[in-house]
Amino acid sequence: MSLLGIVIKCKAAVAWEPNKPLVIEEIEVAPPQANEVRIKIVATGVCHTDLYHLFEGMHKDGFPAVLGHEGAGIVESVGPGVIEFQPGDKVIPLFIYQCRECRFCKSPKTNQCEKGWAADRYDVMASAESRFTCKGKKILQFMGTSTFSEYTVVNQMAVAKIDPTAPLDKVCLLGCGVCTGYGAAVNTAKVEPGSTCAVFGLGAVGLAAVMGCKAAGAKKIIAVDINPEKFEKAKVFGATDFLNPKDHSKPISQVLSKMTNGGVDFSLECVGNVGVMRSALESCVKGWGVSVLVGWTDLYDVATRPIQLIAGRTWKGSLFGGFKSKDGVPQMVKAYLDKKVKLDEFVTHNMTLAQVNDAIELMKHGECIRTVLSVSPQ
């Protein structure tokens, strides 16, 4: 039976309010309108940015919402004006639009786009418009995607069609974490062959940054984390050295400077902590060191002494690893299928959508790299 034009009732994990467990609810998902695509979500990763919105950002206008932004699924139906997609296509929804028409999309200097939820509601992290309702109330769509739902409706500018042979329970990780870290090293930092790098934070984003540094030809990749249990996993992705700040009495930037003859060529902060961001910058060599802010946060100001930049260091940020979303994600899927990019190694736990709160607890306590939730049968 075709569901074209029909409201779908399905299960979703609803965040009714900040700092509270998600609730599995039956929600209504309206049919796609003009230029929209309705997607059956097959699998989704649980990312720290979901936790940031729930436990740290807690913006009052960002609830109730369906969280999740690292998913993959199958097109169920399309709205008027959609010609790029058709039912049955395997796709990854994208939290960054690529309209291909605005000045940002036309510029090779950025992957940002003037359209989408982030254009004027980046602090709320949700669009004012939504196709979700539950118990008579509008439910917001988190980051334009909301993958903690069996079905979601996404603007066609925020959907990437991928290779039909791709395993959705693996490539879903390319919807955020892996592209974010890998691209921060390759696209934003532009890590050079033979260089020395430091990656702060060994969650999925940090490990992907390690993988990106290796792919770019770095000769020394120093993994920095306060959890030494993550160091063995970092080796898998290419880390050559390991530092636990808790093992040293001096600031970690001084430790790194001493072990690298003045500082690293490239550093990547993958935690979302402004203090760590400063340490990462100060770990760079003067003259040409580049430090990239990768971890997501918007709660506090970040600061450093002017001499750190006057001396020649560059401080820059990276959103989604600098990938233009609709172009870059299919390329990364192909790289995975060609065994040039690792994905399986990031997955430490597999759960169901009903276990989403357990998955959140694992991430809160640093007990997983990535948990992938099975949302709908393929």
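Helices (H or I, at least four residues) and strands (E, at least two) are DSSP runs, numbered from the N terminus. The model is predicted: local features need pLDDT of at least 70, side-chain atom pairs count only at pLDDT 80 or more, and totals for chains, interfaces and linings use all residues. Residues are numbered from 1 along each chain as its sequence is written, and side-chain values use heavy atoms, with hydrogens and water left out.

**View 1. Met58 lies in the loop between α1 (48-57) and β4 (65-66).** Met58 counts as partly exposed because its relative accessibility is 35%; buried means under 20% relative accessible area, exposed over 50%, and partly exposed in between (1.4 Å probe, protein chains only). Pro18 is 40 residues away in sequence, yet the two C-alpha atoms are 5.3 Å apart in space. Contact means heavy atoms within 4.5 Å. Leaving out residues up to four places away in sequence, Met58 touches Pro18, Asn19, Tyr52, His53 and Phe63.

**View 2. Strand β14 (residues 266-269) pairs with β11 (residues 196-200) and with β15 (residues 290-293).** Two strands pair if DSSP finds at least two bridges between them. β11 and β14 run in the parallel sense over 4 bridges. Here Phe200 stands opposite Glu269 of β14. β14 and β15 also pair in the parallel sense, over 4 bridges. Val290 in β15 is the bridge partner of Phe266.

**View 3. The side chains of β14 point two ways.** Phe266 and Leu268 point one way, Ser267 and Glu269 the other. All of them are buried. In a regular strand the side chains alternate between the two faces of the sheet.

**View 4. β14, helix α9 (residues 274-282) and β15 form a right-handed β-α-β unit.** A crossover is right-handed if, with the strands pointing away from the viewer, the path from the first strand over the helix to the second runs clockwise.

**View 5. Helix α5 (residues 177-189) is mostly covered.** Of its 13 residues, 11 are buried. Among them are Gly177, Cys179, Tyr182 and Thr188. The buried residues of α5 pack against α6 (204-215), β14, β15, β16 (314-317), α11 (325-337) and β18 (370-374).

**View 6. Helix α5 bends by about 45° at Gly183.** The bend is the angle between axes fitted to the seven residues ending there and the seven starting there. The expected span of a helix is 1.5 Å times one less than its number of residues. Lys190 follows α5, and its phi is positive, near 55°.

**View 7. Helix α11 has buried residues that pack against α5, among other elements.** β6 (90-93), β10 (159-161) and α4 (168-171) are also packing partners. The buried residues of α11 are Ser325, Lys326, Gly328, Val329, Met332, Val333, Ala335 and Tyr336. The 13 residues of α11 should span 18 Å, and its end C-alpha atoms are 18 Å apart, which agrees. Lys339 follows α11 with a positive phi, near 65°.

**View 8. Arg370 sits in strand β18.** Arg370 is buried because its relative accessible area is 4%. Its side chain meets that of Glu70 in a polar contact of 2.7 Å. A polar contact is a pair of N or O atoms within 3.5 Å; within protein, one must be able to donate a hydrogen and the other to accept it, and residues adjacent in sequence count only if both atoms are side-chain atoms. Beyond its neighbours within four places in sequence, Arg370 is in contact with residues including Val46, Cys47, Leu173, Gly177, Phe346 and Met363.
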